[in-house]
Amino acid sequence: MNTNKLNVLILSIVFIVISFLCTPCYGEKIVIDGSTTVGPIAKAFAEYYMGKNKGVNVTVSESGSGNGAKSLINGTCQIADMSRFMKEKEFKAAANNGIMPVAHVVALDGLPILVHPSNPIKGLTIEQIRDIYLGKIKNWKDVGGPNLKIVKISRDTNSGTYETFEKLVMNKEKLAKDVEYVGSNGAARQRVQKTKGAISYAGLGFVDKTVKALEINGIYPNQETITSGVYPIARPLFMFTDGYPKLGTELYKFITIYLSEDGQEIVESIGFIPVTSY
Amino acid sequence: MQLKTRKFINKLFSGIGITSVVIMTAFLLILLTPITYKGLGAIFFSGTIEYRMLNYKEFGHGDKENIEKEFAKAKTARAPVYLQFDSFKKEVKKLEPKKRREIKNQLKEIKEALKELLGPFPDTPIPVLLRNQYGQTRWKNAQEKLHHVLYSEEWDYSDPTKPGIQVFVPRKKYFAGTSFESFFPYLEKNIKKMLLPKFTCYWQFLTDKSKDAHFFGGIMPEILGTIYLALGAMIFAVPLGILAAIYLSEYANPGKIISFLRICMGALAGVPSIVFGLFGLAFFINTIHVSNSKSVLAGSMTLALLILPTVIRSAEEAIKAVPNTYREASLGLGAGKWHSVWTIVLPSALPGILTGTIISLGRAAGETAPIIFTAAVSVGLPLKIWETLSQPTPALSWNIYNLCTEHEAVDEIRHVQYGMVFVLIAIVLLFNLTAIIARARIMKKLRG
């Protein structure tokens with residue numbers, strides 16, 4: 001009797017395995033790795049693409065621009081999402097591995113400075129932000145706000161967003177020791193949502209009602225101010241491929257979505273700024 | 001020591017013991033109750049007509065005629081809303097400029113909120129992204145969005161020395177004296193007719209793939225990925241682990257080298273899992289290229305390394321627990337060493353080995369760090385068995401983390417996250433339950 005029951009167990013396992021085998025077949029794959037800022041765009045493109053091309057499995061990971069670059073250099077992904085340009089070191093490493101990175105600018109992004117919506121501050125100057133992150137300004141009352149300690153949140157140093165911030169705001173000066181580092185745009189926003197005295201920065205697509213974007217030098221980040229270059233902390237968002245993909249391949253079709261009208265609508269509805277204007 | 005003191009100490013000790021057991025149970029309840037309650041919310045909820053329409057169009061669930069009939073009903077209820085919107089647009093032009101600007105801003109906000117609540121306006125082109133093609137699929141979220149339509153969220157900064165206070169201003173106020181004023185009470189009163197909420201059991205949450213980066217659909221790819229990874233880890237770790245355990249306990253001569261090996265294994269068991277993850281990336285993917293990208297194969301190998309020490313240790317203990325008389329009897333009857341290990345020692349040790357293995361299976365299913373760099377992705381399709389050799393997969397443990405920290409719309413898809421947590425815990429519990437049952441069965445069989 002016991003053997004009978006064991007047989008049933010074995011049979012059910014075989015059944016489960018067979019049912020796995022019967023899930024529909026997918027052939028090609030596109031592996032995307034990199035920036036958490038570009039992640040939402042890549043995920044939306046993937047959904048759009050898989051809806052139109054049923055045979056392709058597009059996978060997206062969000063592990064930071066630095067990791068995206070490393071994956072491309074090691075040949076373990078076909079597209080590296082990056083919220084900064086590749087560094088000289090990375091280019092050299094890529095060339096040594098026989099990989100020729102080609103940049104595709106898929107969208108534009110202003111780096112909004114985020115505070116809790118209860119914060120009455122309307123805007124700051126670049127110098128004030130720098131002083132806050134250097135630890136020279138410690139309380140919101142020093143910049144015209146309430147008597148509240150400033151909690152400084154920053155992205156981790158592997159992120160392209162951090163490097164943009166460091167270059168455009170900090171002038172490559174070192175951040176104060178009590179800055180809190182978080183691993184993704186989403187986490188940065190959550191930290192600001194929950195903390196009254198917090199200040200942080202994230203991609204434009206991550207701004208919603210729960211946080212407040214500040215005016216920088218009197219300029220609010222929106223399509224107009226960012227494309228014209230008036231908003232001081234703006235940057236393009238990249239997807240890197242190894243060489244320009246062969247025309248007509250799945251990769252080519254994927255990487256050119258951003259040039260289409262649908263691609264523009266996707267970028268816009270996620271909250272970033274498209275490079276095309278139909 | 002006096003008898004009285006001894007009795008007191010005894011009582012004190014049992015008291016502390018009972019308290020700690022009670023605290024443990026309370027913790028377990030505190031932990032499991034919300035997980036179960038919120039997790040089940042992903043499957044059982046009050047779904048709107050938008051949900052039923054989406055599920056029919058994207059997955060083919062539900063009865064077409066019924067849904068279309070319902071949708072037509074909802075559409076009739078919605079028509080006055082849009083009509084009022086259109087007719088008021090003409091009225092706006094006649095207002096004085098200052099008032100017009102204020103009202104136009106309000107209208108823009110209302111339009112956006114209404115789109116989120118009921119889906120795109122009729123007679124406008126269909127949006128490209130799936131998330132913009134439908135209104136709120138869950139009644140609970142719909143109520144929040146309704147609030148956004150009815151009230152504008154503003155901050156009162158009147159006291160500059162203190163943080164502002166959130167105030168909800170009824171939007172009706174801005175439209176006082178216009179024909180649009182009646183829009184708000186109509187919407188509030190008829191919202192149920194427009195969305196037709198109904199209790200829903202979405203069991204396909206477990207078997208559907210996710211749509212539009214987890215906005216809609218189920219978690220099939222994640223469940224499948226988790227099972228693949230855990231079973232894959234077993235395929236590598238179990239044979240290796242059992243063989244090593246047999247060697248260590250039956251064949252090896254106890255000595256310095258063996259005890260050194262044991263220390264190494266103990267150290268291996270204590271290595272943080274993220275280190276295994278980085279090692280897996282550096283060795284399996286970048287050095288020996290088991291696949292040309294992250295893949296389930298590389299992930300399972302990394303997980304196998306992680307659980308190997310546990311498997312070896314538990315198998316060794318189980319083998320050691322087999323009474324020596326068994327071996328002696330077997331050898332006495334003329335069986336060789338290997339023969340007696342294979343036919344006598346291993347079968348008697350099987351319950352112990354099985355328990356250890358399945359508990360580590362549970363651990364492999366729940367680990368996050370080792371698969372971040374070797375196997376896990378945020379979105380992807382469910383894989384077929386042979387695709388696991390070359391393709392990465394979403395997995396429950398990683399996607400829970402990803403959804404709660406990295407997703408751009410965390411708050412709107414909390415239910416998916418809770419559902420994933422619940423399913424992951426259910427899978428791990430199921431593994432452990434199997435271990436207990438299998439163990440009991442084999443013990444019974446062994447006793448004859």
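**View 1. Who B:Asn292 touches in this predicted model.** Leaving out residues up to four places away in sequence, B:Asn292 touches A:Gly75, A:Thr76 and B:Ser390; a contact here is two C-beta atoms, placed from the backbone, within 7 Å. The residue sits in the loop between helix H9 (273-285) and helix H10 (296-320) of chain B. Helices are DSSP runs of H or I with at least four residues, strands are E runs of at least two, and both are numbered from the N terminus. B:Asn292 counts as partly exposed because 15 other C-beta atoms lie within 10 Å; buried takes 20 or more, exposed 12 or fewer, and partly exposed is in between.

Some housekeeping: residues are numbered from 1 along each chain as its sequence is written, with chains lettered from A and ligands numbered from 1 in the order written. As the model is predicted, local features need pLDDT of at least 70 and side-chain atom pairs 80 or more, while totals for chains, interfaces and linings use all residues.

**View 2. The two domains of chain B.** Domain 1 spans 50-201 and domain 2 spans 220-447, with bounds from an automatic or database domain assignment. Their centres, taken over C-alpha atoms, are 50 Å apart.

**View 3. Helix H7 of chain A, mostly covered.** Eight of the ten residues in H7 (185-194) are buried, among them A:Arg189 and A:Arg191. The buried residues pack against several chain A elements, including helix H6 (160-168), and also against helix H14 (396-405) of chain B.

**View 4. Where chain B meets chain A.** Here 41 residues of chain B contact 45 of chain A. Strand S2 (151-156), H14 and helix H15 (414-447) of chain B each supply at least two residues to that side.
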